[in-house]
Amino acid sequence: MQGIESTTRARVARLILEHGPVTAAALGERLGLTPAAVRRHLDALLADEMIEPRTVRPRGQRGRGRPAKLFAITDAGRSAFEHAYDDLAGSALRFMAERMGEQAVAEFARSQVSGLLQRLEPVMRTVPEDQRAKVLAEALSAEGYAASASKAQSGGDQLCQHHCPVAHAAAEFPQLCEAETEAFAQLLGTPVQRLATIAHGDGVCTTHVSPVRHKESKETGR
């Protein structure tokens with residue numbers, strides 16, 4: 001993928017990374033492409049094993065109707081967008097763990113998110129509680145995490161990160177994910193729970209953000 005980031009095919013792949021699984025029709029609408037053009041790029045990405053097809057039956061249909069075909073990024077496709085420092089980060093963390101122990105890795109992980117905390121904590125004080133997850137998603141996207149926020153059906157918000165620049169390192173050192181989760185809770189002012197992570201093989205890092213009132217009711221006991 002390197003060297004063709006500005007091409008239409010790379011734009012298709014990035015949209016699938018950031019918004020997938022997604023239909024061919026949705027891709028064409030977002031990019032202003034004809035169905036034939038979308039299919040041409042999808043076929044090429046499928047041949048390169050950058051994406052994979054999935055089928056989902058529309059809700060409410062049992063045995064009737066044609067299942068919708070969606071396209072999702074593969075591990076190979078995601079790796080094409082990963083920053084080169086992922087492997088270097090893994091080597092550095094292994095060296096640190098061997099020489100200074102696991103606690104040093106945890107401290108390093110917290111230091112990595114400290115910059116995000118310093119930048120966003122003053123901002124979050126001025127943001128309405130129901131908008132904080134959206135603001136955090138925008139900040140994470142600016143750092144390469146392709147994040148989005150939406151309302152969760154169970155209440156609260158759902159924060160999704162469609163890309164992780166250090167996924168391989170995080171798979172070996174979960175302290176990176178743990179420190180990030182702690183930072184999210186601190187910034188949002190409410191408990192959060194990681195439901196899925198790219199580091200563990202999931203397609204998206206998904207975090208449930210509890211409603212602030214839920215936190216307050218726990219604290220008061222009323």
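**Note on the cysteines and the open sheet**

1. C160 is buried, with a relative accessible area of 11%. The model under discussion is a predicted one.

2. By the distance rule, the chain has zero disulfides. C160 takes part in none, as the nearest cysteine sulfur, that of C205, is 9.2 Å away. For C164 the closest cysteine sulfur is also in C205, at 5.3 Å, which is too far for a bond. C164 is likewise buried, its relative accessible area being 8%.

3. The chain contains ten helices and six strands. Four strands form an open sheet in the order 3-4-6-5, and their pairing is antiparallel. Strand 3 (147–151) and strand 5 (192–196) stand at the edges; each has a single partner strand, so one side of each lacks a neighbour in the sheet. From one strand to the next, the twist averages 25°.

4. Strand 3 and strand 4 (residues 157–161) run antiparallel and are joined by five bridges. Within this pair, A149 has L159 of strand 4 as its bridge partner.

5. Two helices deserve mention alongside the sheet. Helix 7 (residues 132–142) lies across strand 3 and strand 4, at about 165° to strand 3. Helix 9 (residues 175–188) packs on the sheet and touches strand 4, strand 5 and strand 6 (205–209), its direction making about 140° with that of strand 5.

6. As for the chain overall, 42% of its 222 residues count as buried. Of the contacts between residues at least 6 apart in sequence, 51% join residues at least 24 apart.

Note on methods
Residues are numbered from 1 along each chain as its sequence is written. This is a predicted model: local features need pLDDT of at least 70, side-chain atom pairs count only at pLDDT 80 or more; totals for chains, interfaces and linings use all residues. Side-chain values use heavy atoms; hydrogens and water are left out. Buried means under 20% relative accessible area, exposed over 50%, partly exposed in between (1.4 Å probe, protein chains only). Contact means heavy atoms within 4.5 Å. A disulfide is a pair of cysteine sulfur atoms within 2.5 Å. Two strands pair if DSSP finds at least two bridges between them. Axes are lines fitted to C-alpha atoms, for helices over the stretch in contact, and angles run from 0 to 180 degrees between N-to-C directions.
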